Amino acid sequence: LDLEVYGLAPNKLERLLNRSAGTVDTTGPEFGVFKVPVPGTVVTIDVSLPRRELKSGPGHKGFLIEVEPGLSPREAASRRDLTVNAMSLDFLTAELVDPFDGMRDLRRRRLRAIDPVRFPEDPLRVLRVASAGPPGGAVVARRGRPRAESAASAQQAGRVRDGRELV
């Protein structure tokens with residue numbers, strides 16, 4: 001389970017989580033992600049702040065991360081790879097937030113990149129889609145299909161990562 005919290009500065013969110021959950025693993029303030037243990041289990045919940053990722057160098061680590069608590073859900077979701085991964089649930093209203101029609105793609109059993117130009121910027125995206133395989137026979141949508149040069153980037157990522165990050 002991942003939670004994204006809007007409107008709080010990183011230090012305020014960290015203090016709040018530490019008070020309510022005890023010890024919180026700050027994966028990295030630069031990423032705005034906090035790992036919160038679920039008491040009595042080995043499970044952790046990722047609590048994050050909205051962020052932008054700007055390509056700044058080669059490979060899967062070549063990104064400048066900007067934590068921006070004031071982003072809208074649509075702006076925050078635009079950094080995601082696929083439309084189905086950009087969906088979220090607003091816990092205050094119980095409404096599905098689906099800025100890129102991910103539910104429609106899910107119903108059609110299609111995998112579609114949010115931004116086919118930016119999709120290949122992170123070579124792990126290509127590997128994740130390839131390793132997950134088409135869910136139940138899903139196809140990669142032609143409109144929104146990543147560019148062909150993603151394959152070379154995927155080979156590079158495969159040399160530097162192990163399979164744990166592919167799913």
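**View A. Asp101 in the loop between strand E8 (95–97) and helix H3 (102–107)****.** The model is predicted: local features require pLDDT of at least 70, side-chain atom pairs count only at pLDDT 80 or more, and totals for chains, interfaces and linings use all residues. Residues are numbered from 1 along each chain as its sequence is written, and side-chain values use heavy atoms, with hydrogens and water left out. Helices (H or I, at least four residues) and strands (E, at least two) are DSSP runs, numbered from the N terminus. Although not a glycine, Asp101 has a positive phi of about 60 degrees. Asp101 is partly exposed, its relative accessible area being 37%; buried means under 20%, exposed over 50%, and partly exposed in between (1.4 Å probe, protein chains only).

**View B. Arg109 in the loop between H3 and strand E9 (110–111)****.** The phi of Arg109, a residue other than glycine, is positive and near 60 degrees. With a relative accessible area of 43%, Arg109 is partly exposed.

**View C. The largest cavity, with a volume of about 70 Å³****.** A cavity is a set of points on a 1 Å grid over the protein atoms alone where a 1.4 Å probe fits but cannot get out; lining residues have an atom within 4 Å of a point. Points are joined across faces, edges and corners, and the volume is the space filled by probe spheres set on them. The count is 1 cavity of 30 Å³ or more. Ser78, Arg79, Arg80, Asp81, Ile114, Asp115, Arg118, Phe119 and Arg125 line the largest cavity. This lining comprises 2 nonpolar, 1 polar and 6 charged residues (nonpolar: Ala, Val, Leu, Ile, Met, Phe, Trp, Tyr, Cys and Pro; charged: Asp, Glu, Lys and Arg; polar: the others, Gly among them).

Technical notes. On a 1 Å grid over the protein atoms alone, a cavity is a set of points where a 1.4 Å probe fits but cannot get out, and a pocket is an open set with protein on both sides within 12 Å along at least five of seven lines; lining residues have an atom within 4 Å of a point.
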